Amino acid sequence: MTLIIIIAVVVLLGLWGVGIYNNLVKLRNNRENAFANIDVQLKQRHDLVQQLVATVKGYAAHEKEVLTRVTEARAAAMNATGINEKIQAENALTSALQGLRVSLEAYPDLKANQNFLQLQTEIADIENKLAAVRRYFNTATRELNNAVQTFPSNIFAGMFGFHKEPMFEVTKDERVNLDKAPEINF
């Protein structure tokens, strides 16, 4: 009888461990799927940035440094491989695009150009979609991190190589811009 109880306890503990492991795998896969959704939006963003830079070049030839930063940031973002590397590269591209927007304020003819206006609208739409999928990605990351860091799943997480993953967060430069009130010009 004692042997049956011991076997039953071992089997239950084994099933419990399998359940925790399977949950960790589901959470990791959910996070990876969430980043795949971000990748789709980033691909569209990269294509639009290339068109935007080409449109701006004709108007703002002496803004070469800003355009070079945007182009280099876009290339780095497209060549990034892992999730963490892509997060860093995309944050750099976002910062470069903000610099481009500031530089373009000096070009009223460009701001009235129909192609430029359409590209700006499309980029704004992509940025909104990116914000939504980033929120979903961060939710998936938070759920995985909670499972990796809380007892008892943290025991299994350590044994099977699961670890805390970074969120897709605002960079320090972007945080400075978010902390100050927006300027409104008429």
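In which helix is Ile5 found? Ile5 sits in helix α1. What we have here is a predicted model, so let's walk through its nonpolar side, starting on the surface and then heading inside.

Ile5 also belongs to a nonpolar surface patch, together with Met1, Ile4, Val9, Leu13 and Trp16.

Now for the inside. The largest nonpolar core counts 30 residues, and Ile38, Leu52, Val70, Leu100 and Phe137 are the ones with the most contacts inside it. Two or more residues each come from α1 (2-59), α2 (64-79), α3 and α5 (114-149). Helix α1 gives the largest share, 9 residues. Apart from this core there is another one, of 10 residues, including Leu24, Val25, Leu27 and Ala157.

Leu100 is worth a stop. You'll find Leu100 in helix α3 (residues 83-104). Is Leu100 buried or exposed? With a relative accessible area of 3%, Leu100 counts as buried, because the cut-off for that is under 20%. Val53 is 47 residues away from Leu100 along the chain, yet their C-alpha atoms are 9.2 Å apart.

Here is what Leu100 and Val70 touch, leaving out residues up to four places away in sequence:

| Residue | Residues touched |
|---|---|
| Leu100 | Leu52, Val56, Val66, Leu67, Val70 |
| Val70 | Val49, Val53, Leu93, Ala96, Leu97, Leu100 |

So what links the two rows?

Note on methods
Residues are numbered from 1 along each chain as its sequence is written. This is a predicted model: local features need pLDDT of at least 70, side-chain atom pairs count only at pLDDT 80 or more; totals for chains, interfaces and linings use all residues. Side-chain values use heavy atoms; hydrogens and water are left out. Helices (H or I, at least four residues) and strands (E, at least two) are DSSP runs, numbered from the N terminus. Buried means under 20% relative accessible area, exposed over 50%, partly exposed in between (1.4 Å probe, protein chains only). Contact means heavy atoms within 4.5 Å. A nonpolar core is a set of buried Ala, Val, Leu, Ile, Met, Phe, Trp, Tyr and Cys residues joined through side-chain atoms within 4.5 Å. Patches are made of residues with over 30% relative accessible area and no salt bridge: like charges are joined within 9 Å, nonpolar side chains (Val, Leu, Ile, Met, Phe, Trp, Tyr) within 5 Å. Accessible areas come from the Shrake-Rupley method with a 1.4 Å probe; for residues, only the protein chains shown count as cover. A salt bridge is a side-chain nitrogen of Lys or Arg within 4 Å of a carboxyl oxygen of Asp or Glu.
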